[in-house]
Amino acid sequence: MSPVTRAVLGVVGLGGSLAVLIYLAAVLDRVIGHRVAQQPLRWSAALALPAREAARLVLQQRSRTERSDAEAWALAPALLAAAAAASVAVIPFGPAAAVADVDAGLALYVAAIALVMVAVFLHGWSPNSVYPLIGAYRFVAVTLSFQVPLALVLLATALPAESLSVSAIVQAQDGLWNVVRQPLGLPIFLATGLGAAFWGPLALPDADDLAGGTRAEVSGVPLLLWRAAQLAVLVSIAAMSAAAFLGGWRGPWLPGVVWLGLKTLAVLVVLLLAGHLLARVRQESFVVFGWVVLIPLALVDVFLSGILLL
Amino acid sequence: MNAPLLADVLFWLFAAGSVLSAWRVFRADSMMRAAYWLFASFVGVAGIFLLLGAEFLGFILILMMAGEMTIMVVFMVMFMMNPAGLNPMTMVHQHRTSIAVGVLAFLGLAALALFADFPAAPVADTSRATAELGTELLGGSMLVFQTAGVTLLSTMIGAIALASVRGRYGDAEAGSTEPQIAPEGVGRGSHAMPAAKEEPEMDEHHGHLGHG
């Protein structure tokens, strides 16, 4: 195959599977929310709900603000979606089969997660409005507190593989998954992943106490895109958890893609449950928690993984 | 389309994009736009790193610059006397000096590009750039990089110590209480919490409010 054909196939495959996973995540979120509220939802209704909401948002009027930075505002959801897609591209769905099977895959993943900060900042800054701006500053204030432990626990998974390539990391989990070998890794990754996707307890830039934060002034199609892109980041966190800690495509009987999908969905359910069950954390206490608990624990994880290899 | 042609097309896209967005930095009238145009310029450079096979450096450049440019926006907004930084402001000043410096820098770089003898040393497809970089960082150049690392770390700790609430020169809040608007302590801002605690009784407050 020529590089161009491969690129086109990769982009189409990536976009398609990401779209399906985003929709599934939206359905699961409704189902879990109704279960938690003791009002079980029929699956047929749950499957239709996100589509109905999307249709409503497509028809909804777009709100405008005075002297907004229109271009940056329009760019923000696209940038968030692009960052999520780029990060999902490194996740292998079979032996040495990923859309972007690059040597420094983990570095690409962490760089894409760093772009989330840029997207959220643009989204909060551009409307020229109070609450979105506070949300943007809030995200900048907490970003480092989750990005550093997130990058550290991912780096620890690269140690046994002796490579930054995600394919090699999945290969190195032959027989023993990283969730057992590095027990600190997955919990820290999930906790910080909620921060990266600004979801549930760590929905700080888009928090309810800020009347929606960076999306306080958004409606219609841009709101739909923003929410879909946010779910894409959540899907990316779940997929990376599956690849780096749960053995990725490894599993008996079923093909690798199915195993990766099942593991991703399982992690996604945990993340969505956290969104409905846990209270929102205040940013000050999260920054202290990040630097006093998460980063030292992540360093312990790196040291222990290194010692185990000696 | 064959791979070398594709690489050429991508190189010129990244290079032109980098230069264009660098130019936009100085045409922007918003601190946020200036900072993120600069980020876009760095992303172009990172793309060229990727084309050169230095994947790790390319991705790390994007990772570092995303954080640094955002922090730069926040700091520019804090330093400029401009409410929340939302008012437009120009990014160019001292025109004559900057034009002279710009022309000189361009001539210097152009001379370098034209007259320097660049080595033609294509990297083999099989070379493991990340592993080589790691060996270099923790091998031959270890002392240099570790010294730089410790220097940066101590600078960061020093900056945190200076900015800390419990700095060595006392409480950081000390000089930052709002001035009194009315005499006798009526109408103090919320920043004056320690002082407010020293107020003897609530009755006293009522008395002041009555006067005010």
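Predicted model: local features only at pLDDT ≥ 70, side-chain atom pairs only at ≥ 80, totals over all residues.
Arg33(B) itself is partly exposed, at a relative accessible area of 25%.

Between chain B and chain A, the count of salt bridges is two, and four residue pairs are in polar contact, both residues being at pLDDT 80 or more. On the side of chain B that touches chain A, the elements giving two or more residues are H2 and helix H3 (55-79) of chain B. Which of these supplies the largest share of that side? H3(B) does, with twelve residues. In total, 24 residues from chain B and 26 residues from chain A take part in the contact.

How is the size of an interface often given? As the accessible area lost when the parts come together. Here, chain B and chain A bury about 2,100 Å² between them, and 77% of that is on carbon and sulfur atoms.

Let me stay with chain B for a moment. Chain B has 212 residues, and 19% of them count as buried. Its secondary structure comes to eight helices and two strands, and along the sequence the pattern runs α-α-α-α-α-α-β-β-α-α. If you take the contacts in chain B with a separation of 6 or more, residues 24 or more positions apart account for 50% of them. Chain B exposes about 15,700 Å², with carbon and sulfur atoms supplying 70% of that area.

Back to the charged pairs. Over all chains, the structure holds nine salt bridges. One of them joins Arg227(A) to Glu53(A), whose closest N and O atoms are 3.2 Å apart. This pair links distant parts of the chain: Arg227(A) is in helix H9 of chain A, residues 220-245, and Glu53(A) is in helix H2 of chain A, residues 43-59, which puts them 174 residues apart. Is Arg227(A) buried or partly exposed? Partly exposed, with a relative accessible area of 28%. Arg227(A) and Glu53(A) also belong to a network of salt bridges that includes Asp29(A) and Arg30(A).

Another pair on chain A is Asp209(A) with Arg280(A), whose side chains meet in a salt bridge at 3.7 Å, N to O. Asp209(A) lies in the loop between helix H8 (185-196) and H9, and Arg280(A) in the loop between helix H10 (256-277) and helix H11 (283-309), so the pair ties together parts of chain A that are 71 residues apart in sequence. Asp209(A) counts as partly exposed at 37% relative accessibility, and Arg280(A) counts as partly exposed at 34%.

While we're on helix H9 of chain A, have a look at Gly220(A), which has its place in that helix. Gly220(A) is buried, with a relative accessible area of 0%. What is Gly220(A) in contact with, leaving aside its neighbours within four places in sequence? The list is Leu57(A), Gln60(A) and Gln61(A). From Gly220(A) to Tyr137(A), the C-alpha to C-alpha distance is 24 Å, and the two are 83 residues apart in sequence.

Gln147(A) lies in helix H5 of chain A, residues 130-161. Not counting residues up to four places away in sequence, Gln147(A) touches Ile113(A) and Ala114(A).

Last stop, the surface. Phe93(A), Val99(A), Trp253(A), Leu254(A), Val257(A), Val258(A) and Leu262(A) make a nonpolar surface patch of about 710 Å². Where is Phe93(A) found? It is in the loop between helix H3 (70-89) and helix H4 (105-125) of chain A. Phe93(A) is partly exposed, with a relative accessible area of 38%.

Thanks, everyone, and I'm happy to talk it over.

Key. Residues numbered from 1 in each chain as written. Chains lettered and ligands numbered in written order. Heavy atoms only, no water. Patch = residues over 30% accessible without salt bridge, like charges linked within 9 Å, V, L, I, M, F, W, Y side chains within 5 Å. Areas by Shrake-Rupley, 256 points an atom, 1.4 Å probe, with all protein chains shown as cover. Salt bridge = Lys/Arg side-chain N within 4 Å of Asp/Glu carboxyl O. Helix = DSSP H or I, 4+ residues; strand = E, 2+ residues; numbered from the N terminus. Buried < 20%, exposed > 50% of the residue type's maximum accessible area, 1.4 Å probe, protein only. Contact = heavy atoms within 4.5 Å. Buried area = accessible area lost by both parts, 1.4 Å probe. Polar contact = N/O pair within 3.5 Å; in protein donor to acceptor, adjacent residues only side chain to side chain.
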